[in-house]
Amino acid sequence: MLRTHFSHSIPLGLRESILVDSYGLPRYWATVWSSLSLGHLSHNTRLMKLRYVEDAYLFADELLGFGALDDALGFQNVDKVAGILEGFFISLRNKATRTTSDEARWRTVYDFVSSVLSWQSRGGLHGALSETSKKLRHLNGLYKQLHVQSSKRQEILRALPANVVEVLYEMLDPTSSTNPFKREKTRWMMFVIFIVLLHQGLRRGELLLQPVNAVKNGDDLKQGRIRYWLNVADQNDKYDDTRASRPSIINLANR
């Protein structure tokens, strides 16, 4: 629980709201962390972060026994700390309704744990503390990027999945019975358009601008063969385009 001490027997720097256990004794590492890392924050922000960390202490007490989190941090038992972190994260993720405060609670607890372990790992040059530093890097890799709340941003499809491309190949094959176009000329035209869009990465407007002679070829002396390429350029200046909606190349200056 949070308790504010003003006793003269307590150093001036600790006469603030601190976390205490059920016996009224300070939660050791939370007190150290608050003194070293939260001093620049407002009083209300410090209280909020300490309440978040208290949730982790209570979770660890219930999971592994009284004082489990302070013991694990004090003995640099990174494996036990990782187990507490994982269980705490899962408990937040399994809540019926998750809020932004749950995300902030997880980030605060993770920062608290990693800060304490980081201080200890920098305190030694070899041996157990060196091993702690190695395990801390592993811990960062496991948990640093975890998020309690799923992102609400819609994922943008950057590429067609392989199974979709396969279906399109089968459907647009000019000889396929599933081809939706009736005329043979239209079937071949749509198949060529599909191949060019897929393999050359052209935008719709870029494709609609290109004349037939946009396909070039020449001798490749190094490879000893004829090579083909496609010149993608804005043709509006060369031809009188009578289409109602004239296509264009995006970012022409960067071409």
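Colleague: In which helix is Y52 found?

Modeller: Y52 is found in helix α2. Please keep in mind that this is a predicted model.

Colleague: Is Y52 buried or exposed?

Modeller: Y52 is buried, because its relative accessibility is 9% and the cut-off for buried is under 20%.

Colleague: What is Y52 in contact with, leaving aside its neighbours within four places in sequence?

Modeller: Y52 is in contact with S101, A104, R105, T108 and V109. Y52 and W106 are 54 residues apart in sequence, and their C-alpha atoms are 7.9 Å apart in space.

Colleague: At what angle do α2 and α5 pack?

Modeller: The angle is about 75°, and the axes of α2 and α5 are 9 Å apart. The two helices, α2 and α5, are therefore roughly perpendicular to each other.

Colleague: Which residues make that contact?

Modeller: From α2 there are K49, Y52, V53, D55, A56 and Y57, and from α5 there are S101, A104, R105, T108, V109 and F112. By class, the contact of α2 with α5 has seven nonpolar, two polar and three charged residues.

Colleague: Now α4 and α5. How far apart are their axes?

Modeller: The axes of α4 (residues 78-93) and α5 (residues 100-121) are 10 Å apart, and the packing angle is about 175°. That makes α4 roughly antiparallel to α5.

Colleague: And which residues meet there?

Modeller: On the α4 side they are V78, V81, L85, F88, F89 and L92. They meet D102, R105, W106, V109, Y110, V113 and L117 in α5. The contact of α4 with α5 divides into 11 nonpolar, no polar and two charged residues.

Colleague: What does Y57 touch, not counting residues up to four places away in sequence?

Modeller: Y57 touches L19, R27, W29, A30, L69, D70 and F112.

Colleague: Which residues of α1 are buried?

Modeller: The buried residues in α1 are W29, A30, T31, W33 and S34. Their cover includes β2 (17-19), α2, α3 and α5.

Colleague: How many helices and strands are in the protein chain?

Modeller: The protein chain has nine helices and four strands, in the pattern β-β-α-α-α-α-α-α-α-α-α-β-β along the sequence. Of its 255 residues, 33% count as buried. Of the contacts between residues at least 6 apart in sequence, 52% join residues at least 24 apart.

Colleague: Finally, what pLDDT does the protein chain average?

Modeller: The average is 79, and 72% of the residues score at least 70. Over residues 125-129 the pLDDT is below 50, and this stretch has six contacts in the model beyond near neighbours in sequence. Where pLDDT is low, the predicted coordinates should not be read in detail.

Key: Residues numbered from 1 in each chain as written. Predicted model: local features only at pLDDT ≥ 70, side-chain atom pairs only at ≥ 80, totals over all residues. Heavy atoms only, no water. Axes fitted to C-alpha atoms, helices over the stretch in contact; angles between N-to-C directions. Parallel < 35°, antiparallel > 145°, perpendicular 65-115°, else oblique. Contact = heavy atoms within 4.5 Å. Nonpolar A, V, L, I, M, F, W, Y, C, P; charged D, E, K, R; others polar. Buried < 20%, exposed > 50% of the residue type's maximum accessible area, 1.4 Å probe, protein only. pLDDT = per-residue confidence, 0-100.
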